[in-house]
Amino acid sequence: RLSLVSPDEKLFPKFNLKLRNAMLEETTLFIDSIIREDRSILDFIDADYSFMNDVLAQHYGIADVNGNRPGRKYLKPKGELIQGSQFKRVTFSDGERGGLLTQASLLTVTSNPTRTSPVKRGKWVLEQLLGTPPPPPPPNVPELESGAVLKGTLRQRMEQHRANASCASCHARMDPIGFAFENFDAIGAFRQKDGEHPIDPAGTLPSGQNFKGYQDLRTILKEKKAEFSRCLAEKLLTYALGRGLEMYDTRSVDRICDALAKNTFTFSTLAIEIVRSEPFRLRRGKEDAK
């Protein structure tokens, strides 16, 4: 959906076609590297590298392929400068970025035109990474108001909004995850403040796990190997079959996940086990299809 989003031009004047295309290319190259290098699928959550050209490097505030930052003390030896339109592989030096969740493409499509959306970001993680989407909102629940009714920081306004009991159950799952990424604005640039207000990215998950920010949260998500590998296996098997999964596919998904756990979650294991699975190799006979 990155080609369809339209961040507010006055609030985000740096967002243009070149930046949009660079965001998409970063994610494409990153996913391609995990597949071709047969890396762990857990790198989707917390890899220490990505790809960028000069446009994206400036957006991220990165100077060279070792992830050093202009104007700051270099944490690693000076590397090749990122110049021009050619994408280069960059290893992050400070943990500010890592995996899909801090890529500008994803952060942009899970934002509103004028501001970030912790709800959309939290929902994306639950739905696309953990396979545990929240239920749809109950009818007649009002949108978060931006005017005089709810005041304060975005976090404070959402906490007031969540005081509605019909909102609280779902938002208690989504909001903490989304707020962990509030240090990234609506087009994925890093920030310390939202306007005049310091950002508080800390939170507590319904499981009771506490985190201080997105780096801690990524570690927690990476520990959810079973949930993530099952979610990805289901999505890739759906793609491979060209149909939605049914109850009778559960055993095959179980076998794929077991094989992943035994083989350090490599992408090749995921692909091979899908090809070996009964739903992929077999199809119903004509008599059964009737």
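The structure, which is a predicted model, holds 1 cavity of 30 Å³ or more. The elements that give two or more residues to the lining of this largest cavity are helix H4 (104–109) and H5, and H5 gives the most, with 3 residues. About 40 Å³ of space lies in the cavity, and the residues that line it are Leu-101, Leu-106, Leu-107, Arg-121, Trp-124, Val-125 and Phe-181. By class, the lining is made up of 6 nonpolar residues, no polar residues and 1 charged residue.

Helix H5 comprises 12 residues, 118–129, and should span 16 Å at 1.5 Å a residue, a value with which the 16 Å between its end C-alpha atoms agrees. Within H5, the residues Pro-118, Arg-121, Gly-122, Val-125, Leu-126 and Leu-129 are buried. Seen down the axis of H5, these buried residues fall within an arc of 130°, and they therefore line one face of the helix. H5 is followed by Gly-131, for which phi is positive, near 65°.

A further arginine, Arg-218, has its place in helix H8 (residues 214–223). Arg-218 is buried, because its relative accessible area is 4%, and buried residues are those under 20%. When its neighbours within four places in sequence are left aside, Arg-218 is in contact with Ile-45, Asp-46, Gly-95, Glu-96, Arg-97, Gly-98 and Thr-102.

Helix H10 (residues 250–262) has 13 residues, and the distance from its first C-alpha to its last is 19 Å, close to the 18 Å expected at 1.5 Å a residue. The buried residues of H10 are Ser-252, Val-253, Ile-256, Cys-257, Ala-259 and Leu-260. Around the helix axis they cover an arc of only 160°, which puts them on the same side of H10. The buried residues of H10 pack against helix H9 (225–241), helix H11 (267–276) and helix H12 (278–281), whereas the face turned away from the buried side carries the exposed residues Arg-251 and Lys-262. H10 is followed by Thr-264, whose phi is positive, near 50°.

Key: Residues are numbered from 1 along each chain as its sequence is written. This is a predicted model: local features need pLDDT of at least 70, side-chain atom pairs count only at pLDDT 80 or more; totals for chains, interfaces and linings use all residues. Side-chain values use heavy atoms; hydrogens and water are left out. Helices (H or I, at least four residues) and strands (E, at least two) are DSSP runs, numbered from the N terminus. The expected span of a helix is 1.5 Å times one less than its number of residues. Buried means under 20% relative accessible area, exposed over 50%, partly exposed in between (1.4 Å probe, protein chains only). The arc is that of the directions from the helix axis to the C-beta atoms. On a 1 Å grid over the protein atoms alone, a cavity is a set of points where a 1.4 Å probe fits but cannot get out, and a pocket is an open set with protein on both sides within 12 Å along at least five of seven lines; lining residues have an atom within 4 Å of a point. Grid points are joined across faces, edges and corners, and a volume is the space filled by probe spheres set on the points. Ala, Val, Leu, Ile, Met, Phe, Trp, Tyr, Cys and Pro count as nonpolar, Asp, Glu, Lys and Arg as charged, and the others, Gly among them, as polar. Contact means heavy atoms within 4.5 Å.
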